[in-house]
Amino acid sequence: MRTDDFWQLIDRARTGGGEPDAVAARAVALLAARDPEEIIGYAHHQQRVLAASYRVDLWGAAYLINGGASDDGFEYFRGWLMTQGREVFARAVADPDSLAELPQIRSASLSGEEFECEDMLAVPWDAYRKATATDLPGERAAIRQPDLNDFWDFDDEDEARRRLPRLAALFVEPPQE
């Protein structure tokens with residue numbers, strides 16, 4: 001599966017609107033209708049997308065936005081980020097502070113809403129099972145871990161302001177209603 005095909009499938013799943021879990025469910029249905037080899041290709045591409053987004057600065061953004069982010073929480077945040085489409089995903093990987101431009105992120109600074117979608121991470125496995133009644137062959141590839149020397153203290157408000165100024169303006173000192 002090519003990069004364009006991967007993101008086009010997600011875009012088609014997004015056309016129905018709704019919550020991220022609904023996007024994931026539609027992605028499963030769309031992918032399950034394809035040839036099993038395409039589902040395997042989707043799985044490989046998803047692993048590459050997740051590896052490319054396993055960045056300390058994006059983790060820091062997820063931490064600010066969601067009020068914390070464990071290893072699993074960061075995975076689920078990136079699942080949610082995939083449901084936002086290619087443009088938002090690519091922009092966030094290149095510049096995590098760009099997430100401050102999204103209306104739902106801005107409103108979350110007041111509401112406390114968190115952004116996660118574990119179901120999006122399971123799309124190829126669920127689609128393969130639905131299409132073939134068997135498990136997706138192979139194991140999930142290990143995601144490249146960031147260099148621990150690159151981590152910064154996500155609770156350090158001054159460091160958050162320095163590294164992610166627009167997000168820090170929303171979540172370190174949330175705007176007053």
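1. Contact, as the word is used in this note, means heavy atoms within 4.5 Å. The model is predicted, so that local features need pLDDT of at least 70 and side-chain atom pairs count only at pLDDT 80 or more, while totals for chains, interfaces and linings use all residues. Residues are numbered from 1 along each chain as its sequence is written, and side-chain values use heavy atoms, with hydrogens and water left out.

2. Pro165 touches Asp97 and Ala160, once residues up to four places away in sequence are not counted. Pro165 lies in helix α11 (residues 165–171), where helices (H or I, at least four residues) and strands (E, at least two) are DSSP runs, numbered from the N terminus. At 41% relative accessibility Pro165 counts as partly exposed, on a scale where buried means under 20% relative accessible area, exposed means over 50% and partly exposed lies in between (1.4 Å probe, protein chains only).

3. On helix packing, two packed helices are described by the angle between their axes and the distance between the axes. Axes here are lines fitted to C-alpha atoms, for helices over the stretch in contact, and the angles run from 0 to 180 degrees between N-to-C directions. Helix α4 (residues 56–66) and α5 have axes that come within 10 Å and cross at roughly 90 degrees, which makes α4 roughly perpendicular to α5. Angles under 35 degrees count as roughly parallel, over 145 as roughly antiparallel, 65 to 115 as roughly perpendicular and the rest as oblique. In this contact Leu58, Trp59, Ala62, Ile65 and Asn66 of α4 meet Asp71, Phe74, Phe77, Arg78 and Leu81 of α5. By class, the contact of α4 with α5 has seven nonpolar, one polar and two charged residues, where Ala, Val, Leu, Ile, Met, Phe, Trp, Tyr, Cys and Pro count as nonpolar, Asp, Glu, Lys and Arg as charged, and the others, Gly among them, as polar.

4. The axes of helix α5 (residues 71–83) and helix α6 (residues 86–94) come within 7 Å and cross at roughly 135 degrees, and α5 and α6 are therefore oblique to each other. Arg78, Leu81 and Met82 in α5 meet Val88, Phe89 and Ala92 in α6, a contact whose residues divide into five nonpolar, no polar and one charged. Arg78 also lies over the face of Phe74, at 4.5 Å from the ring centre; a charge sits over a ring if NZ of Lys or CZ of Arg is within 6 Å of the ring centre and within 35 degrees of the ring normal.

5. For the aromatic side chains, rings of Phe, Tyr and Trp (its six-membered ring) pair if their centres lie within 6.5 Å, and planes under 30 degrees apart count as stacked, over 60 as edge-to-face and the rest as tilted. By this rule the count comes to ten aromatic pairs. The rings of Phe6 and Trp7 have centres 5.1 Å apart and planes at 90 degrees, so this pair is edge-to-face, and both Phe6 and Trp7 are buried. Ring pairs link Phe6, Trp7, Tyr42 and Phe89 into a cluster.

6. Trp152 and Phe154 form another edge-to-face pair, at 4.8 Å centre to centre and with 85 degrees between the planes. Trp152 is buried, with a relative accessible area of 8%, and Phe154 is buried at 11%. Although Trp152 is found in the loop between α9 and α10, Trp152 touches Val56, Gly60, Glu159, Ala160, Arg163 and Leu164, residues up to four places away in sequence not being counted.

7. Ala133 is found in the loop between α9 (123–132) and α10 (157–163), and its phi is near 60 degrees, a positive value in a residue other than glycine. Ala133 is exposed, with a relative accessible area of 69%.

8. Ile105, in helix α7 (residues 103–111), is buried, with a relative accessible area of 0%. Leaving aside neighbours within four places in sequence, Ile105 is in contact with Ile65, Trp80, Leu99, Ala100, Phe115, Leu167 and Phe171.
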